[in-house]
Amino acid sequence: MRILVYDVAASVGGALTVLEDYHGRALSDKENDYVFVLSTPNLAEADNVSVLNFPFVKKGWLSRLRFDLCIMPSLVRRLNPDRILSLQNTMVPFVRKEQWVYMHNLLPRDICDMRFSMRSEPVLWVYQNVIGRVIARSLRRADKVIVQSDWLKERCAKQYGIPAERIKVEKPSSAPFEVSCNGAQKGEEVVFFYPASSASYKNHRVILDACSCLKNEGIDGYRVVFTLSGSEGALSESLKARSEEEDLPIQFCGHLGREEMGAAYTESNVLLFPSRLETWGLPLQEAQQFGLEIIASDLDYAHETVGGYGQASFFDPTNSRELAGLMRDLVTGKQSPAISKGLQ
């Protein structure tokens, strides 16, 4: 079987991780042939794997639309695959082929618990109200829909009327970090780690609000680490400016590679994860390898990713005082055994 994997959207972050995972599977699947249609990722080829790159797609929305609506349908007809696997939430239009769609975007209005303003967040508004409709139409028409979690399968089945047998759950797997957490040297302070992008729904502000509450109470002896530099955009800049103005114990360390991420987990005591929109919270899975305490949003995705892990607490992601209380308990005399051991 010839399978065309379509993902010109992926270039960084979680989308790239999903693409690389499927590429690894393709390399080991010698029974089928694969053609990857991508933008900029440089993936290896093999006897059964070909890679076609179209970097101009990243020049802007017009280039992307031209590719999706004109070039891609023509390319499909030329390559004549038996199946199309789209990893970017939508089907290839104007072709009659078996199509599987990997859905990992929670912005469409029908399944999203948040609402975005066209004035303050125009890109997210467009994704929710315009592209979201295209995603919904693709999911309803696809031969198979792939999602990352059981809760999302239930929501798609309910909101889009997709039969459950047409929805396949593939939970992301976290590759073990090579660094060892055994005997890790923690500092005197409690370190809270939040690895996330600068998107507004990642909810960094609730952490700043919680830190402000702790400062007003005279609580110190802790540090929060963000994987932001403070220069990713207006929101990131405002977060850093406020942190400096209020003299909050927040470190903006910038983007971390995988080896640096492992070191950051090793040096941390607690994973903070207040994100309001996730299909699957991979850091929640990774933190368990290091035995960290977890403070996460009291939302379906977090409960499913955390599973039966015993060192997790959950809070309302809109309630900074509730978060401050959980952080306070871990910094003061109500520390958990895991943190107390790490500080020795």
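User: Two strands pair if DSSP finds at least two bridges between them. With that settled, what is the bridge partner of Phe192 in S11?

Analyst: The partner is Val270. Strands are DSSP runs (E, at least two residues) and helices likewise (H or I, at least four residues), numbered from the N terminus. This is a predicted model, in which local features need pLDDT of at least 70 and side-chain atom pairs count only at pLDDT 80 or more, while totals for chains, interfaces and linings use all residues. Residues are numbered from 1 along each chain as its sequence is written, and side-chain values use heavy atoms, with hydrogens and water left out.

User: How many bridges join S8 and S11?

Analyst: Two bridges link S8 (residues 190–194) with S11 (residues 270–273), in the parallel sense.

User: In what order do the strands of the sheet come?

Analyst: The order is S10-S9-S8-S11-S12-S13, an open sheet of six strands with parallel pairing. S10 (250–252) and S13 (312–315) are at the edges with a single partner strand each, so one side of each has no neighbour in the sheet. Neighbouring strands are turned by 20 degrees against each other on average, direction ignored.

User: Which strands does H5 touch?

Analyst: H5 packs on the sheet and touches S8, S9 (222–226), S10, S11 and S13. Contact means heavy atoms within 4.5 Å. The direction of H5 makes about 165 degrees with that of S9; angles run from 0 to 180 degrees between N-to-C directions, and axes are lines fitted to C-alpha atoms, for helices over the stretch in contact.

User: And at what angle does H5 pack with H10?

Analyst: H5 (residues 204–216) and H10 (residues 320–331) pack at about 60 degrees, and their axes are 8 Å apart. Residues in this contact include Val206 and Leu214 of H5, and Leu323 and Met327 of H10.

User: New topic: where is Glu278?

Analyst: Glu278 sits in the loop between S11 and helix H8 (282–289).

User: Is Glu278 buried or exposed?

Analyst: Glu278 counts as buried because its relative accessibility is 11%. Buried means under 20% relative accessible area, exposed over 50%, and partly exposed in between (1.4 Å probe, protein chains only).
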